[in-house]
Amino acid sequence: MSVRTAVARALRLSWAVLIALMISEFVTDLPGPGWATTVLPASVVLVLMAATMTLQVRAAAPRGEPRPPVEVDPPVTGRWTALNSPADKVPSHGTHVYGQTYAIDIVAEPETEPETEEGGATARPPFRLLWPVVRRNRDFPAFGAPLLAVADATVVRASDGQRDHLSRNSLPALAYLMLIEANVRSILGAHRIIGNHVILDLGEGTFAVYAHVQRGSLRVKAGDTVRAGQRLGRVGNSGNTTEPHLHFHLMDGPDPDSARGVPFTWRGVGVPVNGETFTVGEQVGEQVGEQVGEQAGEHVEGQAAEA
């Protein structure tokens with residue numbers, strides 16, 4: 001076990017102890033001086049939080065010159081807008097932690113597409129100061145959009161058991177996210193930050209991360225091999241998010257806790273800057289994957305009819 005892992009686990013344990021002591025103080029009169037049941041445990045938490053952050057940043061910080069951008073296919077089709085792009089600043093999300101030095105967020109921006117059973121609304125709702133405080137996921141056109149493999153790869157991680165929470169795109173909801181929810185998620189670990197996710201091994205020391213996947217939508221599991229353009233799952237709103245969107249980045253290892261970011265470029269798109277809207281046509285791999293799925297379904301139905 002590495003020192004960083006040990007410190008992170010000690011932090012979670014110290015938080016649990018502190019919360020238990022605080023609750024006990026309201027329920028009963030704990031023996032001993034007050035500083036021993038509140039001040040001391042809180043001090044331990046603060047020290048471990050600082051140590052954890054320092055070790056995470058040190059482990060994730062780039063070393064030497066960055067690698068040349070790895071060209072891969074776009075992970076989506078349709079019309080999208082880029083946010084928090086590495087084309088504007090690095091690290092794009094203000095931190096190197098979790099291998100997201102060159103990460104990008106994208107939100108769906110359909111023009112006049114009708115509402116579908118799989119997706120959400122026809123237009124992306126704007127940020128509001130006060131009301132509505134939260135919105136349903138289906139109000140956002142990104143929710144339910146297909147996620148596609150960016151290259152031929154092997155699945156190394158696949159998790160989609162976390163819930164898709166309501167949006168945080170109002171001032172009160174955003175304050176709650178930044179001041180409370182994000183801190184709790186960071187204590188619980190990377191899997192609570194990135195939410196449901198899939199990580200692909202693209203070969204040559206490059207791994208692709210798809211974060212905030214829709215609960216129960218993954219079609220792949222660890223160990224599966226996938227082809228470029230194959231459908232992996234759907235865009236969701238799990239983890240540390242303000243609204244349904246895709247967070248995508250490349251890194252040099254399979255574990256976000258220890259990996260460093262790798263620059264990317266999307267074939268035919270490049271790296272869109274913040275606020276840039278781009279359109280991706282349907283990929284051949286997706287068409288093939290859908291045809292294979294339909295043929296498999298027809299085969300099963302035929303067997304059932306014969307039985």
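This is a predicted model: local features need pLDDT of at least 70, side-chain atom pairs count only at pLDDT 80 or more; totals for chains, interfaces and linings use all residues.
Local features need pLDDT of at least 70, side-chain atom pairs count only at pLDDT 80 or more, and totals for chains, interfaces and linings use all residues. Residues are numbered from 1 along each chain as its sequence is written, and side-chain values use heavy atoms, without hydrogens or water.

The largest nonpolar core holds 34 residues. A nonpolar core is a set of buried (under 20% relative accessible area, 1.4 Å probe, protein chains only) Ala, Val, Leu, Ile, Met, Phe, Trp, Tyr and Cys residues joined through side-chain atoms within 4.5 Å. Trp80, Leu200, Leu202, Tyr210 and Phe248 have the most contacts inside this core. Among the elements that give two or more residues to it are strands S2 (78-83), S6 (197-203) and S10 (246-251). Strands are DSSP runs (E, at least two residues), numbered from the N terminus. A second, separate core has six residues, including Val97, Tyr98, Ile193 and Ala211.

Leu202 touches Val72, Val150, Ala151, Asp152, Ala153, Ala208 and Leu250, leaving aside residues up to four places away in sequence. Contact here means heavy atoms within 4.5 Å.

Ser92 lies in the loop between S2 and S3. Ser92 counts as buried because its relative accessibility is 2%. Beyond four places in sequence, Ser92 touches Asn84, Ser85, Pro86, Gln100, Thr101, Tyr102 and Ala103.

Tyr176 sits in helix H3 (residues 171-188). Together with Met178, Leu179, Ile180, Val184 and Leu188, Tyr176 makes a nonpolar surface patch of about 600 Å². Patch residues have over 30% relative accessible area and no salt bridge, and nonpolar side chains are joined within 5 Å. A salt bridge is a side-chain nitrogen of Lys or Arg within 4 Å of a carboxyl oxygen of Asp or Glu.

Key. Patches are made of residues with over 30% relative accessible area and no salt bridge: like charges are joined within 9 Å, nonpolar side chains (Val, Leu, Ile, Met, Phe, Trp, Tyr) within 5 Å. Accessible areas come from the Shrake-Rupley method with a 1.4 Å probe; for residues, only the protein chains shown count as cover. Helices (H or I, at least four residues) and strands (E, at least two) are DSSP runs, numbered from the N terminus. Buried means under 20% relative accessible area, exposed over 50%, partly exposed in between (1.4 Å probe, protein chains only).
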